[in-house]
2 protein chains.
Amino acid sequence: MDSKLYNEIQESFTNYLTEKKLRKTEERYAILEGVCAFTGHFDIVMLHNKIKEARYYVSKSTVYNTLEVLLDAGIVVSHQTSSQSVQYELKKYAEMHSHLFCTKCGSIREIKNAHIKGFLNAIKVPRFTPDFYSLYIYGTCSKCKNKIQREKKQIK
Amino acid sequence: MDSKLYNEIQESFTNYLTEKKLRKTEERYAILEGVCAFTGHFDIVMLHNKIKEARYYVSKSTVYNTLEVLLDAGIVVSHQTSSQSVQYELKKYAEMHSHLFCTKCGSIREIKNAHIKGFLNAIKVPRFTPDFYSLYIYGTCSKCKNKIQREKKQIK
DNA sequence: TTTACTGCAAATATTTTGCAATATC
DNA sequence: GATATTGCAAAATATTTGCAGTAAA
């Protein structure tokens, strides 16, 4: 991650903590650093490991707690995948793409599309103030589609 | 649920089981009936209870197994919410709406919008065959927004 | 000095697995 | 009759909670 974006995120976290009268602990900033080291989805265990790699120890409980704070601060968003654990992602990255989820093999591909983003941002809803959009497109990836067609031919 | 739709779903399940050479057990159809009794989201425990209410007993393991089958059959879809358990929904219902998720209070509101649906269905992606769309709009509901504004006034 | 936060251990919740009994094909 | 499926119990995994010690304000 470029340092300009990182500083921006760190600053917004500091502002949030000040506003909410929460404490600025070393652990919270170490976890934020870990979060920023991912460019895609991650879960609690991946994040915990990433922080260990950076030679800083925080307990798993604190990682759970801090992710709640980061979600509330709007720095991180959570996702559903077929994985059993909750997946997180930096909101700054998440708002840049939609997800293509293959229901045959479970693969997830991210697509950036200004057209989709523009449409989503223009959606107006009564009695609701939108902030962030998450679009999952479920279907079949080309690999699986080809595989299925090969199998059909063999049966014939 | 109207019986026409129910019959349609049941038939497609039967076709799927035949095609995949899976067995047509009483349990599977009892679970499908339970699934069809929900008009919105449900989780494993809710479904298990619903089936019990209908005086048919199936084990939780079988409910887990069968939901995998129903997902693969494209009859059911899964969702992420802030809940700790996986949420499911009949695909026939899910395709009719998008979700408004309030990040302050966690409430989920469903909205039907032909305009959104039309746009999503028209999306074309290279090397991917779309089948189903899931759009979550995160933001603040009017209740929470009003609450926040009242609090700000009090501080002043 | 006050008390929010951390880390640990234990509790709880959720999902998966192994296997004997059973029911479908 | 062969074997996929079920139900149970146990295991594995994920998350939450209680609390004593620590550190931010």
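Start by selecting strand β3 of chain B, residues 98-102, in this predicted model. S98(B), L100(B) and C102(B) point one way, H99(B) and F101(B) point the other way, and all are buried (under 20% relative accessible area with a 1.4 Å probe, protein chains only). Strands here are DSSP E runs of at least two residues, and helices are H or I runs of at least four, numbered from the N terminus.

Look for S98(B) beside its bridge partner, I111(B). Five residues separate the two strands of this hairpin, and G106(B) in the turn has a positive phi of about 80°.

Now bring in β5(B), residues 128-141, which runs parallel to β3(B) and is joined to β3(B) by four bridges. Here C102(B) stands opposite G139(B).

Then move to DNA strand D, which 17 residues surround, the closest being Y64(A), T25(B), R28(B), S59(B) and T62(B); a residue counts as near if one of its heavy atoms lies within 4 Å. Colour α4(A), α2(B) and α4(B), as each supplies at least two residues of this surface.

Finally, show three atom pairs. A backbone N or O atom of S59(B) lies 2.9 Å from a phosphate oxygen of DNA strand D, and one of V86(A) lies 3.3 Å from a phosphate oxygen. In the side chain of R23(B), an N or O atom is 3.0 Å from a base nitrogen.

For orientation, residues are numbered from 1 along each chain as written, while chains are lettered from A and ligands numbered from 1 in written order. Local features need pLDDT of at least 70, side-chain atom pairs count only at pLDDT 80 or more, totals for chains, interfaces and linings use all residues, and side-chain values use heavy atoms, leaving out hydrogens and water.

Conventions: A polar contact is a pair of N or O atoms within 3.5 Å; within protein, one must be able to donate a hydrogen and the other to accept it, and residues adjacent in sequence count only if both atoms are side-chain atoms. Buried means under 20% relative accessible area, exposed over 50%, partly exposed in between (1.4 Å probe, protein chains only). Two strands pair if DSSP finds at least two bridges between them.
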